[in-house]
Amino acid sequence: MKAIQVKQVGGPEAMEVVELPVPQPKPNEAVVKLAASGVNFIDVYHREGRYKAPLPFVLGQEGAGVVTAVGADVKSVKVGDRVAWSGLLSSYAEYAAQPADRLVPVPQGISDQQAASAMLQGMTAHYLSHDTHPLKRGETALVHAAAGGVGLILVQMAHNLGARVIATVSTEEKAKLAREAGADDVILYTQADFEAEAKKLTGGKGVDVVYDSVGKTTFEKGLNILRPRGMMVLFGGSSGAVPPFDPIVLTQKGSLFLTRPSLGNYIATREELLARSGAVFGMMAAGKLKLRIGHTYPLAEAQQAHRDLEGRKTTGKLLLIP
Ligand code: NDP
């Protein structure tokens, strides 16, 4: 089978197309023939070595497909089931052997590509808006990189929860997508000072919560636009990591809250994984959540997918098709 392997961490060229044997399941595993692999920013961190994985490894954290073999102890899925997952390496491949209890069933009516798009970014947007800071009707949320994979989903969920959404994006094309997803106001943060704009838009009151996946270039100003006791949810670093930071700043800026959450802690048990993925699939089936697949690439073009993602050229979800 073909897979995208990293032998030495580095730039996009560190990803090689290799031929590997189709994996055999361990007793607790199921082998899945992938129909689509999700591309996520976390794949860049693994490829660069910012997040560590033992070398060599097959990249990718998210996928959907059909079970082709199961290990002796597996009870939760059977051959022929359509399944999807998030947070398991080895997903940029034609086949993957994964722990069966981390696979979720894909409901009828949800395509493989939609399922692969929903798992990582969909469940992330869900925990951010429903658990990390459960949004209430009438609250104001600022969502950075709102036309991105997580961004477009988070805007829809926040809007559906009754929050006012202020979105930031880099281009007019992305602004249009953010508005269509339900953003009430959009700031082009590459052209205008989002701190000044957000203060203006809230009449100086500040926002209740900032969802920040951009990190280095946005974090500090984000603290300045929170209302007293507001919540900074720093959940990524697409522009780079936030430098070390003295907690007294949170006091000075109004007894703020800061959290740096990760999806893994919000789907730690099988019950929570099934509940959260089920909630996202349910929103999709009910027509309340639309996933935008911005681009699909053949598996062998993983390098290009990463270049586009890192180059801020993409919107919505990117998929690799084996
Ligand atoms: P996106 O589709 O959001 O792509 C990243 C976007 O970030 C770009 O399109 C761009 O939007 C914006 N951006 C701003 N500055 C830069 C920069 N210097 N370089 C590149 N991009 C920049 O990616 P994902 O939806 O896959 O992930 C978004 C973020 O969320 C990532 O940081 C990821 O690690 C994080 N994440 C965290 C999770 C968690 O549980 N903590 C789970 C899932 C994702 P624009 O052009 O509009 O500025």
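1. The shell around the ligand takes at least three residues from domain 1 (2-119 + 266-321) and at least three from domain 2 (137-260). Those bounds come from an automatic or database domain assignment. Before you read on: this is a predicted model, where local features need pLDDT of at least 70 and side-chain atom pairs count only at pLDDT 80 or more, while totals for chains, interfaces and linings use all residues. Numbering runs from 1 along each chain as its sequence is written, and side-chain values use heavy atoms, with hydrogens and water left out.

2. Who sits around the ligand? There are 30 residues in the shell, and Y127, S170, K174, Y189 and R312 are the closest. A residue gets in if one of its heavy atoms lies within 4 Å of the molecule. By class, the shell has 13 nonpolar, 13 polar and four charged residues. Watch the bookkeeping here: Ala, Val, Leu, Ile, Met, Phe, Trp, Tyr, Cys and Pro are the nonpolar set, Asp, Glu, Lys and Arg the charged one, and the others, Gly among them, are polar.

3. Four helices, α1 (41-48), α3 (120-132), α4 (149-160) and α10 (302-310), each put at least two residues into the shell. The top contributor is α3, with four. Helices here are DSSP runs (H or I, at least four residues), strands are E runs of at least two, and both are numbered from the N terminus.

4. Now the polar contacts, meaning pairs of N or O atoms within 3.5 Å (within protein, one must be able to donate a hydrogen and the other to accept it, and residues adjacent in sequence count only if both atoms are side-chain atoms). The side chain of Y189 has an N or O atom 2.4 Å from a ligand oxygen. For Y127, a polar side-chain atom is 2.7 Å from an oxygen of the ligand, and for Q121 the figure is 3.0 Å. The ligand on its own exposes 910 Å², and the protein buries 92% of that (Shrake-Rupley areas, 1.4 Å probe; for residues, only the protein chains shown count as cover).

5. What about the domain pair? The C-alpha centres of domain 1 and domain 2 are 28 Å apart. Contact (heavy atoms within 4.5 Å) links 15 residues of domain 1 with 20 of domain 2. About 1200 Å² is buried between domain 1 and domain 2, 51% of it from carbon and sulfur atoms; that is accessible area (1.4 Å probe) lost on putting the two parts together, summed over both. R292, R312 and T315 supply 33% of what domain 1 buries against domain 2, more than any other three residues.

6. Two backbone spots to check. L55 and P56 are joined by a cis peptide bond, with omega about -10 degrees; P56 is in the loop between α1 and β4 (57-58). R229, in strand β13 (residues 226-234), has a positive phi of about 65 degrees although it is not a glycine.
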